[in-house]
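Visitor: I'd like to learn how to read a few features off a structure. Could you walk me through one?

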Amino acid sequence: MSSVPQKEVLPGVFYIWKLDHRDNTYEKSQWAIDTSEEESCFIEGYTTGIIPKYNKNRDFLYNTCWGLHLENKQVEYLGKTSREMEKIESNTRRDLFIAIFNDNTNQEWHGYPSDPCIKPYEMPPASIRTIWFNKGYFTSLQIKKLVQRKLWKL
Amino acid sequence: MEALKLIVPGSYYDNQIYANRLYLWNLDDSITTVDWNGLLESITIPEHLKFALRCAFLESNILYNKKLQAVFQDREVVKLLKKKFQELAKYSIDISQEQLQKFVIRRQDNPFVFPHADSSAYQGNIYVGDESGVKVARCEENEIYPISKNAKRLCDAPALNMAAANQSLALAGGSEGLFVCKLDQEAKQLRDLQPVIKEDCNQARWLFSSLFSSSFFNEGFMADFVSERAESNGRTEDTNKQIKLLKSSEIFKHKIRYGIGKPLFTWGVEDKICTATATSVEVVQYNPEKFEPTERFKTLGLVKHKRFTDAAIIGADSALFGYVIEYDDGLLVINSAPQNGWETNWLEGEPVSWKVFPKSEYYSNQLHVVYDDHLCIHSFNQDYFVNQEQKLVGIKYSEEVPDYKLLAAQASVA
């Protein structure tokens with residue numbers, strides 16, 4: 001895994017910036033915000049809520065959270081789909097606005113711009129969607145389109 | 001003919017209409033159930049328009065009745081009915097908050113997941129789905145809670161969109177494909193869950209006992225349930241149902257240039273399969289009783305509409321009254337009755353949700369659109385006077401349940 005050294009971003013919580021989501025690696029979505037903004041995005045997601053998940057293929061439990069890039073409490077784009085998706089989607093690289101973060105072990109987290117349009121397991125669950133709606137980050141219209149995979153533009 | 005409009009005030013996330021009740025999903029994770037008949041009967045309009053109001057919002061099946069077709073041969077009768085609908089269209093039917101409250105049966109906690117992806121009502125049950133699966137709850141007329149407080153998990157398959165029919169629930173599972181939940185007699189328990197189409201699926205719809213899967217990431221696929229006809233004891237019977245998977249390009253006989261954000265979407269409902277582009281809708285008629293491919297999939301033609309836009313098509317559906325196409329900035333309704341070209345209604349503004357009810361007995365002429373601060377119910381009534389056998393726009397009204405449909409239902413329950 002190519003990454004810069006980890007940093008303790010919250011007490012006992014470590015974050016790793018993975019380089020393959022910044023170096024145009026073919027199959028990886030890419031960050032469009034800088035590393036400090038990525039850190040803020042993770043902290044926002046971590047404090048919003050952590051969802052335990054089970055990986056069926058590898059038979060292990062891990063934690064996930066979802067983050068947003070906020071500017072003046074407005075959701076802004078934070079990344080782009082991978083070059084691989086560009087080929088599939090008729091030379092289009094979509095802007096992405098939700099990040100997904102997973103912990104490996106011992107509160108070591110990493111994350112990347114998520115694409116719930118394509119990958120249902122990257123869709124933030126109902127509990128997170130409700131928090132975002134109640135905080136006013138998304139309208140009911142945007143939430144509905146997000147969950148139906150119709151929202152790809154802010 | 002102008003569509004009728006009824007406005008229900010309030011901010012909602014979703015809604016359903018079923019068996020004389022209107023269900024409204026509020027933004028605070030509660031559901032309000034409204035006595036729809038009571039509310040409609042409380043509307044003050046002149047006596048001579050009450051029949052038109054009843055057909056428009058309470059019982060669409062009255063004017064679709066086959067026996068009335070003989071009456072419709074009389075042009076004066078048709079003229080009179082059309083005049084009544086046109087006169088009714090001049091009344092803006094805005095329900096006040098006070099009027100609505102009088103007919104609220106109950107406001108209850110939402111027993112389903114919220115915010116969800118889609119809802120459906122079928123055989124006394126309401127189904128609600130999202131990427132985590134589907135929940136079901138009974139909606140009983142005589143219970144204290146209009147929707148049972150105990151919603152049960154029906155399945156874990158993702159459901160971004162649902163379509164109920166044939167004792168089954170078709171689920172659009174995104175990248176996991178299209179699934180069919182076979183339901184028990186009361187349609188509240190799962191009997192079996194089957195993956196039918198493995199390709200990406202954003203919208204699932206029934207074409208009689210076959211299925212169509214629409215997606216932003218592929219051209220669209222149809223699971224055509226093909227029966228083999230066999231002679232048995234002197235009787236012809238449909239046996240050995242097999243699924244034949246067809247790409248849209250095989251149905252339309254040309255390349256379908258799909259892609260996210262493109263002005264193109266392919267879908268199919270009952271007897272019509274459509275592909276919409278920026279300027280037109282191409283229509284193929286599906287006839288499951290025919291076995292010859294050119295008769296089973298008959299090219300009907302192109303419907304050119306006047307609204308040109310290069311905006312992305314993000315959804316589409318079919319009703320008896322026409323086709324509804326969802327763009328980034330509004331809904332385009334193409335009506336089933338041509339008048340100097342195809343009559344269209346442009347409904348400006350992004351809706352929170354919208355739905356049609358082509359399988360409903362009473363509400364098949366309605367389009368429900370939820371906006372930020374109200375629910376707008378459109379009623380289209382031109383289709384009663386359209387020859388159902390020859391129509392290019394909108395699905396064909398069928399009063400009888402065809403044998404193959406019954407067979408499919410029996411097969412799916414078995």
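Visitor: In what order do the 4 strands of the open sheet in chain B run?

Guide: Strands of a sheet pair through backbone hydrogen bonds, either parallel or antiparallel. In this predicted model, the order is 11-12-13-14 in chain B, with antiparallel pairing. Strand 11 (161-165) and strand 14 (190-197) of chain B sit at the edges, each pairing on one side only. From one strand to the next, the twist averages 20°.

Visitor: And over how many bridges do strand 12 and strand 13 of chain B pair?

Guide: Strand 12 (residues 168-172) and strand 13 (residues 178-183) of chain B share 5 bridges, in the antiparallel sense. For one partner to look up, take B:Leu169: its bridge partner in strand 13 of chain B is B:Cys181.

Visitor: On to helices. Which residues of helix 5 of chain B are buried?

Guide: Look for B:Leu81, B:Phe85 and B:Leu88. They lie on the same side of helix 5 of chain B, because they cover an arc of only 60° around the axis. The face turned away from that buried side carries exposed residues: B:Arg75, B:Glu76, B:Lys79, B:Leu80 and B:Lys83.

Visitor: What do the buried residues of helix 5 of chain B pack against?

Guide: Strand 1 and helix 2 of chain B. Helix 2 (residues 50-57) of chain B has its own buried residues, among them B:Leu53 and B:Phe57. What covers those of helix 2 includes helix 5 (75-89) and strand 29 (374-379) of chain B.

Visitor: Last one: how many residues does each chain bring to the contact between chain B and chain A?

Guide: Chain B gives 26 residues and chain A gives 22 residues. On the chain B side, that's 11 nonpolar, 10 polar and 5 charged residues.

Technical notes: Residues are numbered from 1 along each chain as its sequence is written. Chains are lettered from A and ligands numbered from 1 in the order in which they are written. This is a predicted model: local features need pLDDT of at least 70, side-chain atom pairs count only at pLDDT 80 or more; totals for chains, interfaces and linings use all residues. Two strands pair if DSSP finds at least two bridges between them. Helices (H or I, at least four residues) and strands (E, at least two) are DSSP runs, numbered from the N terminus. Axes are lines fitted to C-alpha atoms, for helices over the stretch in contact, and angles run from 0 to 180 degrees between N-to-C directions. A residue is buried if 20 or more other C-beta atoms lie within 10 Å of its own, exposed if 12 or fewer, and partly exposed in between; C-beta atoms are placed from the backbone. Two residues are in contact if their C-beta atoms, placed from the backbone, lie within 7 Å. Ala, Val, Leu, Ile, Met, Phe, Trp, Tyr, Cys and Pro count as nonpolar, Asp, Glu, Lys and Arg as charged, and the others, Gly among them, as polar. The arc is that of the directions from the helix axis to the C-beta atoms.
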